[in-house]
Amino acid sequence: MSDEEKPSESRSAQKLRAGPFAAAVAARSGLRRAEARLATEAVLGELADVFERGEAFVLPGLGAGKVTRNKNGGLVIKLRPRNEKNSDAPLAPPEASS
């Protein structure tokens, strides 16, 4: 297959990696990178627990979804992505300054 015939790697084919993800969280939140890494690990750990328990979830920045198991016991995550009209809604209100 020539270079012209090879499919280019699309954005959807890229993999999300922990380091760059934590760096993006740090940039978006204003946290130090180490703090963002810890927060990211905590959030992902909680999501993994929710998925394993098969619970439904609603996260304004991500969307709503539920987890089921397929006939082989694997997890199937059905996600309804966030709605554009409320995509900037924060998960929590900003802290009041004292």
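Just after helix α1, Gly30 takes a positive phi of about 85°. I start there, and then I go through the rest of the chain. A word on where this comes from: this is a predicted model, where local features need pLDDT of at least 70 and side-chain atom pairs count only at pLDDT 80 or more, while totals for chains, interfaces and linings use all residues. Residues are numbered from 1 along each chain as its sequence is written, and side-chain values use heavy atoms, with hydrogens and water left out.

First, the elements. The protein chain has 2 helices and 3 strands. Read from the N terminus, their order is α-α-β-β-β. Helices here are DSSP runs of H or I with at least four residues, strands are runs of E with at least two, and both are numbered from the N terminus.

Now the helices. Helix α1 covers residues 18-29, which is 12 residues. From its first C-alpha to its last it reaches 16 Å, close to the 16 Å expected at 1.5 Å a residue. That expected span is 1.5 Å times one less than the number of residues.

Helix α2 takes in residues 33-53, and Ala39 is in it. Thr40 is also placed in helix α2. Buried or exposed, what is Thr40? Thr40 is buried, because its relative accessible area is 8%. The cut-offs are these: buried means under 20% relative accessible area, exposed means over 50%, and partly exposed is in between, with a 1.4 Å probe and protein chains only. Ala39 is therefore partly exposed, at a relative accessible area of 32%.

Which residues does Thr40 touch, leaving aside its neighbours within four places in sequence? Thr40 is in contact with Phe21, Ala22 and Val25, where contact means heavy atoms within 4.5 Å. As for Ala39, its C-alpha is 9.5 Å from that of Ala26, and the two residues are 13 apart in sequence.

Next, the sheet. It is an open sheet of 3 strands in the order β1-β2-β3, with antiparallel pairing. Two strands pair if DSSP finds at least two bridges between them. The edge strands are β1, residues 57-59, and β3, residues 75-81, and each pairs on one side only. From one strand to the next, the twist averages 20°. For that angle, axes are lines fitted to C-alpha atoms, for helices over the stretch in contact, and angles run from 0 to 180 degrees between N-to-C directions.

Take the pairings in turn. β1 and β2 pair in the antiparallel sense over 3 bridges, and a hairpin of 3 residues joins them. Val58 stands opposite Ala64 in β2. Ala64 also has a bridge partner in β3, namely Arg80.

Strand β2, residues 63-69, is joined to β3 by 7 bridges, and these two strands run antiparallel. Gly65 has Leu79 as its bridge partner in β3, and Arg69 stands opposite Leu75 in β3. β2 and β3 form a hairpin with 5 residues between them. In that turn, Gly73 has a positive phi of about 90°.

Phe57 counts as buried because its relative accessibility is 8%. Leaving aside neighbours within four places in sequence, its contacts include Val50, Phe51, Leu62, Val67, Ile77 and Leu79.

Phe51 and Phe57 form it, and the pair is tilted, at 5.6 Å centre to centre with 55° between the planes. The rule is that rings of Phe, Tyr and Trp (its six-membered ring) pair if their centres lie within 6.5 Å; planes under 30 degrees apart count as stacked, over 60 as edge-to-face, and the rest as tilted. Phe51 is buried, as is Phe57.

Last, the totals. Of the 98 residues in the protein chain, 13% are buried. Among contacts between residues at least 6 apart in sequence, 9% join residues at least 24 apart. The chain exposes about 8,400 Å², and carbon and sulfur atoms supply 54% of it. Accessible areas come from the Shrake-Rupley method with a 1.4 Å probe, and for residues only the protein chains shown count as cover.
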